[in-house]
Amino acid sequence: MKDAFLSLQKEATDTFKNIKETDNRAREAWRSLYVGRKGKVALLMKQLAGLSVEEKKEIGPIANAIKQELMQLFKTHDARGANARIDMSLPGRIPERGHEHPLYQVMDQVISVFLGMGFDVVEGPEIELGYYNFSALNIPKDHPARDMWDTFYVRHGKEEESVVLRTHTSPVQIRAMEHRTPPVRLIVPGRVFRHEATDATHGSNFFQLEGLVIDKGIRVTDLMGCLSAAMKGLYGKDTTIRLRPSYFPFVEPGFEVDISCMMCGGSTQPPYQGGGRRDGGCSVCKRTGWVEMLGAGMVHPVVLKNMKVDSRKYSGFAFGMGIDRMMMLAYGIPDIRLGYSGDVEFVRQF
Ligand code: PHE
């Protein structure tokens, strides 16, 4: 066994000597043949397993030393070889320029529309206290949104001690109001997390943009006017919105806000010829003419109280939208996960 190692050592060193320093291919072949993962040295070392303890003690270190020596041989010559290979006449390598991610492009568009309407941009932590993510937002203890299965708990324990990856950007409503007094107009862009079985339209990590307006005499019509103007700014002046009643514990009343389909302009008649599927009508709005866009509502009095805002003097509205969804609609991207694939080829298309 020992002899086998010694003769392998000699064989490997001799062959290495015969390889030209500039012949990278031969050198690589040598590396893989002798010291590669399935190379001759590795194969021989496997046989050590069948030896007695004493023999292992004797031959093991020798085998290791030989392996090290051979690897070293390759490495030192590799460095020298590499230097020898520098060709000063070659053109330089141009560093790759980055490309803005489509998610951020959409995010920037939305932000600029709201900046134009006098909103400030605020950010908050992605790892959030249960208090801000749930309790301060009037989300009751038994609400399904708090479920272990919907939420990534960093620390799951008593109410005051729980720490979560935020499930929405709404906690920043509360945080922002700790340092502000009304009137306020805020938007909060940011990353949020949910324990989802991911598919083409659900990710465990996605982006939202939250909005909060508090002032004297704010009414539902202000919410409608504001969101209508914003959606016209984003999708064109013919865009209209509609409100459907919905429930979020931190607003009252609460709404889902739809916009007229940006693809077919709200045509519900098949066959629609302008985009999407040609046979069964528009695939973006599924021939309903409307696309679900936001959650919204009037800030709940309990939430105002948690913000230390006097609900007899002030009222407000809040809204939240999913940026990934907007990106998918804007660019016709069929799968939400593509945005997180880390694939430059994907990103460069937009
Ligand atoms: N936070 C809600 C969600 O993630 C969206 C929302 C924000 C609804 C503000 C109403 C008001 O689904």
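User: How many bridges join strand 5 to strand 6?

Analyst: A strand here is a DSSP run of E with at least two residues, numbered from the N terminus. Two strands pair if DSSP finds at least two bridges between them. Strand 5 and strand 6 (residues 205–215) run antiparallel and are joined by 10 bridges. Within this pairing, V188 stands opposite E210 in strand 6. The model is predicted: local features need pLDDT of at least 70, side-chain atom pairs count only at pLDDT 80 or more, and totals for chains, interfaces and linings use all residues. Residues are numbered from 1 along each chain as its sequence is written, and side-chain values use heavy atoms, with hydrogens and water left out.

User: Do strand 1 and strand 5 run parallel or antiparallel?

Analyst: Strand 1 (residues 120–121) runs parallel to strand 5, with two bridges between them. D120 has L186 in strand 5 as its bridge partner.

User: How many residues of strand 5 are buried?

Analyst: Buried means under 20% relative accessible area, exposed over 50%, and partly exposed in between, with a 1.4 Å probe and protein chains only. Strand 5 covers residues 184–193, and eight of its 10 residues are buried.

User: Why does C282 count as buried?

Analyst: C282 counts as buried because its relative accessibility is 3%. C282 sits in the loop between strand 8 (251–260) and strand 9 (290–299). Its C-alpha atom is 6.3 Å from that of C264, and the two residues are 18 residues apart along the chain.

User: What is the order of the strands in the open sheet of three?

Analyst: The order is 2-4-3, with antiparallel pairing. Strand 2 (127–129) and strand 3 (153–155) are the edge strands, each pairing on one side only. From one strand to the next the twist averages 35°, an angle between N-to-C directions on a scale from 0 to 180 degrees, with axes fitted to C-alpha atoms. Two bridges hold the antiparallel pairing of strand 3 with strand 4 (residues 163–165), and Y153 stands opposite V164 in strand 4.

User: Which residues come nearest to the ligand?

Analyst: A residue is near a molecule if one of its heavy atoms lies within 4 Å of it. There are 13 residues around the ligand, and H168, S170, R194, Q208 and G320 come nearest.

User: Where are the polar side-chain atoms of S170 and Q208 relative to the ligand?

Analyst: A polar contact is a pair of N or O atoms within 3.5 Å. A polar side-chain atom of S170 is 2.9 Å from a nitrogen atom of the ligand. For Q208, a polar side-chain atom is 2.9 Å from an oxygen atom of the ligand. The ligand taken alone exposes 320 Å², and the protein buries 89% of that, with areas from the Shrake-Rupley method and a 1.4 Å probe.

Terms used. Helices (H or I, at least four residues) and strands (E, at least two) are DSSP runs, numbered from the N terminus. A polar contact is a pair of N or O atoms within 3.5 Å; within protein, one must be able to donate a hydrogen and the other to accept it, and residues adjacent in sequence count only if both atoms are side-chain atoms.
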